[in-house]
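Try each task with the model open before you read its solution.

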Amino acid sequence: VHRPLRALPRPDSVTLDSAGRAAAAEAAFQPRSTAPARVPGGGAGPLVVLLDDIVTTGVTLAAASRVLTAIGWAPSVAVVLAATEKRRQL
């Protein structure tokens, strides 16, 4: 298991709207390394699984995916433990 991203401090997303969540997510991740781990046997590359505790708008997964892809760790799949329904304002 490798952890190629470092999560930086950011505001609690509970208080943010969708645009605020997107802005916070874009600045939330920093690479720990710049090269994928070598795959035994010379395979195609590492299997990268993004894991998030909850998905509301998807901006956190999208931002993490962009950073990972930029450093050569293109995600193969994303997994979340819980999801929320978007609330509609009346």
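Predicted model: local features only at pLDDT ≥ 70, side-chain atom pairs only at ≥ 80, totals over all residues.

Residues are numbered from 1 along each chain as its sequence is written, and side-chain values use heavy atoms, with hydrogens and water left out.

**Exercise 1. The chain as a whole**

Task: Find the order of the elements along the protein chain, and work out what percentage of its residues is buried.

Solution: 
- Step 1. Start with the elements, which are DSSP runs numbered from the N terminus: helices are H or I with at least four residues, and strands are E with at least two. The protein chain has two helices and four strands.
- Step 2. Read them from the N terminus on, and the order is β-α-β-β-α-β.
- Step 3. Now turn to burial, where buried means under 20% relative accessible area, exposed over 50%, and partly exposed in between (1.4 Å probe, protein chains only). Of the 90 residues in the protein chain, 22% are buried.
- Step 4. Look at the contacts, meaning heavy atoms within 4.5 Å. Among contacts in the protein chain with a separation of 6 or more, 69% are between residues 24 or more positions apart.

**Exercise 2. Helix α2**

Task: Check the span of helix α2 against its number of residues, then find where its buried residues lie around the axis.

Solution: 
- Step 1. The expected span of a helix is 1.5 Å times one less than its number of residues. Helix α2 covers residues 59–70, so its 12 residues should span 16 Å; the end C-alpha atoms are 17 Å apart, which agrees.
- Step 2. List the buried residues of α2: Thr-60, Leu-61, Ala-63, Ala-64, Val-67 and Leu-68.
- Step 3. Look down the axis of α2: these buried residues fall within an arc of 165 degrees, so they line one face of the helix. The arc is taken from the directions from the helix axis to the C-beta atoms.
- Step 4. Find the cover: it includes β1 (5–7), α1 (18–26), β2 (29–31), β3 (49–52) and β4 (77–80).
- Step 5. Just after α2, look for Gly-72, which takes a positive phi of about 90 degrees.

**Exercise 3. Helix α1**

Task: Sort residues of helix α1 into buried and exposed, and name elements that cover the buried ones.

Solution: 
- Step 1. Gly-20, Arg-21, Ala-24 and Ala-25 are the buried residues of α1.
- Step 2. Down the axis of α1 they fall within an arc of 130 degrees, so these residues line one face of the helix.
- Step 3. Ala-19 and Ala-23 are exposed on the other side of α1. For Ala-19, the relative accessible area is 56%.
- Step 4. The cover over the buried residues of α1 includes β2 and α2.

**Exercise 4. Charged side chains**

Task: Which side chains meet in a salt bridge, and how far is Asp-52 from the nearest side chain of opposite charge?

Solution: 
- Step 1. A salt bridge is a side-chain nitrogen of Lys or Arg within 4 Å of a carboxyl oxygen of Asp or Glu. The structure holds one.
- Step 2. The partners are Arg-66 and Glu-26, at 2.2 Å from N to O. Arg-66 lies in helix α2 and Glu-26 in helix α1, so the pair ties together parts that are 40 residues apart in sequence.
- Step 3. Move to Asp-52, in strand β3. For charges, Lys and Arg count as positive and Asp and Glu as negative, while His and the chain ends are not counted. Asp-52 is buried yet has no salt bridge, and the nearest side chain of opposite charge, Arg-10, is 6.3 Å away.
- Step 4. Leaving aside neighbours within four places in sequence, Asp-52 is in contact with Thr-60, Leu-61, Val-79, Val-80 and Leu-81.

**Exercise 5. Leu-68 and Trp-73**

Task: Decide whether Leu-68 and Trp-73 are buried or exposed, and find what Leu-68 touches.

Solution: 
- Step 1. Leu-68, in helix α2, is buried, with a relative accessible area of 3%.
- Step 2. Not counting residues up to four places away in sequence, Leu-68 touches Pro-4, Leu-5, Val-48, Leu-50, Trp-73, Ala-74 and Pro-75.
- Step 3. Trp-73 lies in the loop between α2 and β4 and is buried, with a relative accessible area of 6%.
- Step 4. Trp-73 and Pro-46 are 27 residues apart in sequence, with 7.3 Å between their C-alpha atoms.
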